[in-house]
Amino acid sequence: EEIDIADPIRTRGILERYGLNAKKSLGQNFLTHPQILKDIVAAAEITEADDVIEVGPGIGALTEQLARHAHHVLAFEIDENLLNVLDETLAPYKNITIINDDILQVDLPKVVSEELDGEHTLKVVANLPYYITTPILKGLLRSPLELEQIVVMMQKEVAERLNAVPGTKAYGSLSVAVQLEMNVSVEFEVSRKVFVPQPKVDSAIVKLTHREPREVQPYSKDAFYKTVRGCFTHRRKTLWNNLVGMHGKDDDTKAKLEAVLAKLEIKPGIRPERLTVDDFIRLTNELSE
Ligand code: SAM
């Protein structure tokens with residue numbers, strides 16, 4: 001049996017042979033610890049019933065582990081220089097498709113319908129390029145694709161923000177946007193030491209699954225995101241100041257905002273991080289009236 005791509009000696013050998021210098025600008029930090037990759041695949045509960053979408057296969061370390069369990073792996077890699085490498089490292093696996101494209105630009109539902117059979121459960125598993133963690137997550141959450149779960153590695157601090165509860169420092173617009181529809185669980189942490197090159201931050205594996213529908217829904221998701229972003233524009237200011245900043249200072253607007261907050265029994269002087277996800281939903285809906 002071949003040695004895992006993620007084996008530290010094999011990874012270094014591949015990088016040397018192809019003269020690859022990891023590109024910082026593309027968030028290239030390669031994981032060199034086979035067991036951690038196996039733990040990621042286990043956290044995502046990948047079986048033959050699953051097709052997996054991967055973002056950023058790099059030299060194929062995680063892709064390989066996924067391909068050993070999944071029906072098919074569809075991986076998006078932006079860096080053209082890695083295509084030859086992936087051809088070689090992933091040659092033993094027949095159930096992998098590599099697409100050379102930017103995950104933020106690609107028409108994901110179109111590629112999925114072209115490359116996958118539509119008869120398997122869709123999951124996303126990735127060691128994300130950290131510089132675009134938030135736009136990738138937002139894109140996945142807005143996607144019309146039915147994603148059963150998302151299991152991704154990200155900077156530990158960002159994982160803490162996704163998982164944060166109201167009233168804490170880490171709680172902000174990202175927490176609220178994700179928690180609207182998803183359960184967040186931080187599965188385990190990963191030391192910076194297992195990456196080549198070593199990044200300046202530690203990492204964590206986050207698992208996102210669909211939560212039961214909330215009793216009250218926002219009338220529009222875009223309006224909800226807009227309200228949340230607006231309320232968190234100045235974290236250190238009061239909710240009232242953020243709302244006035246967003247909607248205007250004239251007497252009519254102020255009277256309306258006062259009435260909305262009174263109806264929702266929300267004190268104007270609190271900080272935005274005190275509001276729960278349900279508070280933000282009700283606020284969004286009342287402000288539209
Ligand atoms: N999966 C590999 C691993 O675990 O060792 C590499 C992960 S590395 C943190 C992130 C990968 O994402 C790199 O291969 C990088 O080239 C790729 N990448 C960066 N920006 C991307 C984008 N916009 N679309 C697709 N892939 C991207």
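User: Where do I start? How many of the five residues of strand β3 (residues 72-76) are buried?

Analyst: Four of the five are buried, so β3 is largely enclosed by the rest of the structure. A residue is buried if 20 or more other C-beta atoms lie within 10 Å of its own, exposed if 12 or fewer, and partly exposed in between, with C-beta atoms placed from the backbone. This is a predicted model: local features need pLDDT of at least 70, side-chain atom pairs count only at pLDDT 80 or more, and totals for chains, interfaces and linings use all residues. Residues are numbered from 1 along each chain as its sequence is written.

User: OK. What share of the chain's residues is buried?

Analyst: Of the 289 residues in the chain, 35% are buried.

User: And how many helices and strands does the chain have?

Analyst: Twelve helices and nine strands. Both are DSSP runs, numbered from the N terminus: helices are H or I with at least four residues, strands are E with at least two. The C-alpha atoms fill a box of roughly 70 × 40 × 30 Å along the principal axes.

User: Back to β3. Which sheet order does it belong to?

Analyst: An open sheet of seven strands, in the order β4-β3-β2-β5-β6-β9-β7. Pairing in this sheet is mixed. Two strands pair if DSSP finds at least two bridges between them.

User: Do the pairs one by one. In what sense do β2 and β3 pair, parallel or antiparallel?

Analyst: Parallel, over five bridges. Ile 53 has Leu 74 in β3 as its bridge partner. β2 (residues 50-55) also runs parallel to β5 (residues 121-127), and four bridges join them. There, Val 52 stands opposite Lys 123 in β5.

User: In what sense do β6 and β9 pair?

Analyst: Antiparallel, over seven bridges. Ile 150 stands opposite Leu 208 in β9. β7 and β9 are antiparallel too, with eight bridges. Met 182 has His 210 in β9 as its bridge partner.

User: Helices now. Which strands does α6 lie across?

Analyst: Helix α6 (residues 133-142) lies across β2, β5 and β6 (147-155). The helix runs at about 175 degrees to β6. Axes are lines fitted to C-alpha atoms, for helices over the stretch in contact, and angles run from 0 to 180 degrees between N-to-C directions.

User: At what angle do α9 and α12 cross?

Analyst: Roughly 105 degrees, and the axes of α9 (residues 221-231) and α12 (residues 277-288) come within 9 Å. That makes α9 roughly perpendicular to α12. The cut-offs: under 35 degrees is roughly parallel, over 145 roughly antiparallel, 65 to 115 roughly perpendicular, and the rest oblique.

User: Which residues of α9 make the contact?

Analyst: Ala 223, Phe 224, Thr 227 and Val 228. On the α12 side, the residues include Phe 280, Ile 281 and Leu 287. Two residues are in contact if their C-beta atoms, placed from the backbone, lie within 7 Å. By class, this contact has seven nonpolar, three polar and no charged residues. Ala, Val, Leu, Ile, Met, Phe, Trp, Tyr, Cys and Pro count as nonpolar, Asp, Glu, Lys and Arg as charged, and the others, Gly among them, as polar.
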